[in-house]
Amino acid sequence: MFDFTDAMGATPLESRSNPLLYTFILIAAVVLFVLLIFYIVQRYIKNLHSSQKWIEANKEKETTLKNINVFAKEAALDQNETKLLWQICHEAHFKNILYSYTETEEVDELFKNAYQKLDSQDNQENIKILFEIRYKIEKLHNKRTLLTTTRSLPEGQAFTYVDKTGFPWELTLLKNDEKQIILKVPPTLMIRGNQPASLEKITLNFTTAQGISYSLFTRVVRYEKKNESDINMVLASTNSIKSAQRRGSKRMNTQLNVKFFAVKPVKKGKKTVYEGAEKRYPGKMEDLSATGCRLDCALPIKQGQNIGIEFSIDGSQEFNAIGTIVATKKSKDEKYYVLHIKFENIDLKAKNRINAKIYNYTIEL
């Protein structure tokens, strides 16, 4: 049997005179040198591609399949989504998606045109995939533009303060620096005496121009009152900002008058079907998405029950959705009940129409 120790030499002097040792050292040095060169080249390419000069030179070029494949990894697109995105960009000769995905208006125009073409073909499956891509692009954009401090907020930014009675008030950003935030306060807030006290910790909610919602946690420093109609609230500048939890699909506020009815799940073999009662009740659908909604009604329906909803997105076609009530609570004025519903069974075309309405891709007739 070959003994590596014997080959290297029994003593240090023999080892130093053995060419095998120097061969091993040389090979190791070559490998390290190659790895170092590879690292340097990779760093150079990465820095080059992230430079403003490179971006300006390449962002106006038409999207290539290679661009699509790179972007698909960044946006976590699956195979079907990647294929459809390439088709959409290629047919529209759209500029490099790697850089243009942050330009919301241009991306919306691209997807709106693609949606209308697919809708004219009644290609509901590809429409579903289209909205999945659009939402993932939106999430990627939001992830890379999240705020971490109040210092970058622009003057005129609107904030919502909810007082102890649950009433929302809109405050407007007047001045913003490293030490403080100054907000314009509605005089009625002070007149009613619902304002937070000086040195009190408060939470403010706001939505940026990019459509990202945040909660801001800070402390009231003092009030500056010039006259009865000119009152400012001075807050401590803070890094305590939290983005709103992202759901599985985009939502919108709406005020749709709908009808709902009791539903009973019935097992038929391996499938579950839903049998609906004949009696209908009036309700108002709010906070709508393709995966669920909020329903305001006069009935205290318990959490966990199934419910059917009849609704129309654009006033023409009627859709049905079957859902499960995941939470029930009274409204703040205790005049009605608020049901939070997760859709269990909803027609694909209805889901697509909801998303088209949310993104404003439909053509108004």
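The side chains of E286 and R294 meet in a salt bridge with an N to O distance of 2.2 Å, a salt bridge being a side-chain nitrogen of Lys or Arg within 4 Å of a carboxyl oxygen of Asp or Glu. The model is predicted, so that local features need pLDDT of at least 70 and side-chain atom pairs count only at pLDDT 80 or more, whereas totals for chains, interfaces and linings use all residues. Residues are numbered from 1 along each chain as its sequence is written, and side-chain values use heavy atoms, with hydrogens and water left out.

E286 counts as buried at 11% relative accessibility, whereas R294 is partly exposed, with a relative accessible area of 23%. Here buried denotes under 20% relative accessible area, exposed over 50%, and partly exposed the range in between (1.4 Å probe, protein chains only). Salt bridges that share partners also join K95, E103 and E106 into one network. By the rule stated above, the count of salt bridges comes to 12.

Another of these pairs is K117 with E91, at 3.2 Å from N to O. K117 lies in helix α8 (residues 104-120) and E91 in helix α6, so the pair ties together parts that are 26 residues apart in sequence. Helices (H or I, at least four residues) and strands (E, at least two) are DSSP runs, numbered from the N terminus. Both side chains are partly exposed: K117 has a relative accessible area of 42%, and E91 has one of 46%. R222 forms a salt bridge with E224, the closest N and O atoms being 3.2 Å apart. In this pair, R222 counts as partly exposed at 36% relative accessibility, and E224 counts as partly exposed at 28%. Side chains of opposite charge can pair when their charged atoms come close.

For the protein as a whole, the secondary structure comes to 11 helices and 14 strands. Of the 365 residues, 36% are buried. Among contacts between residues at least 6 apart in sequence, 57% join residues at least 24 apart, where contact means heavy atoms within 4.5 Å. The accessible surface comes to about 22600 Å², of which 54% belongs to carbon and sulfur atoms. Accessible areas come from the Shrake-Rupley method with a 1.4 Å probe, and for residues only the protein chains shown count as cover.

Helix packing was examined for α9 (residues 124-144) with α6 and with α5. The axes of α6 and α9 are 9 Å apart, and the two helices pack at an angle of about 90 degrees. Axes are lines fitted to C-alpha atoms, for helices over the stretch in contact, and angles run from 0 to 180 degrees between N-to-C directions. Helices α6 and α9 are therefore roughly perpendicular to each other; angles under 35 degrees count as roughly parallel, over 145 as roughly antiparallel, 65 to 115 as roughly perpendicular and the rest as oblique. On the α6 side the contact involves N80, E81, L84, L85 and I88, which meet N126, I129, L130, E132, I133 and K136 in α9.

Leaving aside residues up to four places away in sequence, E81 touches A76, I129, E132, I133 and K136.

The axes of helix α5 (residues 65-75) and α9 come within 10 Å and cross at roughly 70 degrees. Helices α5 and α9 are therefore also roughly perpendicular to each other. Their contact is made by F71, E74 and A75 of α5 and by K136, I137, L140 and R144 of α9.

Most residues other than glycine have a negative phi. In D287, phi is positive, near 45 degrees; D287 is found in the loop between β10 (281-286) and β11 (292-297). Phi of N360 is likewise positive, near 60 degrees. N360 is placed in the segment after α11 (348-358) and counts as partly exposed at 48% relative accessibility.
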